[in-house]
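Hi,

Here is the structure I promised to pass along. Have a look at it first, and then read on for what turned up.

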Amino acid sequence: MNINEKITELQSLFLSLRFNGQAEEAAAINIITKLESLRLMPTHGEITEHKIGKKNDDGKAKYHLLPLAALEQVSLVLMHGAQKYGENNWQQVEGWQHRYYNASLRHLFQWKTGEKCDSESGIGHLAHAICSLMFLIEKERS
């Protein structure tokens with residue numbers, strides 16, 4: 001069994017596990033991500049030669065660099081918002097520049113003063129702040 005097959009086997013094992021909490025699941029996601037990065041590293045003897053087709057990804061987004069635990073937390077914030085207001089309701093908010101700017105700062109201030117999680121959702125203030133900042137980026141581009 002080569003290294004890539006072993007990595008795939010380990011990733012499958014972690015994906016099949018059941019977790020008791022978000023921290024355990026986040027740790028497993030972190031391990032899976034690290035295993036994937038190992039797959040991307042050349043092994044002895046394959047540093048200079050590529051036997052598979054080429055694809056030029058220069059200048060393109062490298063999504064594998066995104067921290068999965070943070071993305072998961074932001075996804076939980078989006079799910080909470082969808083349940084409370086409806087899916088993608090954030091796109092219809094009037095005065096979005098000020099509202100999401102203020103929301104992101106409120107969550108950052110709460111986090112800075114030592115409150116880790118939002119009292120209503122139970123999800124981290126940093127994830128709420130990131131979510132609001134993502135809304136600002138998305139709305140600015142449209």
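To start with, what percentage of the 142 residues in the chain is buried? The share comes to 22%. Keep in mind that this is a predicted model, so everything below is computed from it.

On the overall build: the chain has five helices and zero strands, and going along the sequence you read α-α-α-α-α. As for how the chain meets itself, take the contacts between residues at least 6 apart in sequence: 64% of them join residues at least 24 apart.

The chain exposes about 11,300 Å², and 57% of that is supplied by carbon and sulfur atoms.

The largest share, three residues, comes from α5.

Met-134 is a handy one to click on. Why does Met-134 count as partly exposed? Because its relative accessibility is 40%, and partly exposed covers the range between the buried cut-off of under 20% and the exposed cut-off of over 50%.

Cheers

Technical notes: Residues numbered from 1 in each chain as written. Predicted model: local features only at pLDDT ≥ 70, side-chain atom pairs only at ≥ 80, totals over all residues. Heavy atoms only, no water. Helix = DSSP H or I, 4+ residues; strand = E, 2+ residues; numbered from the N terminus. Buried < 20%, exposed > 50% of the residue type's maximum accessible area, 1.4 Å probe, protein only. Contact = heavy atoms within 4.5 Å. Areas by Shrake-Rupley, 256 points an atom, 1.4 Å probe, with all protein chains shown as cover.
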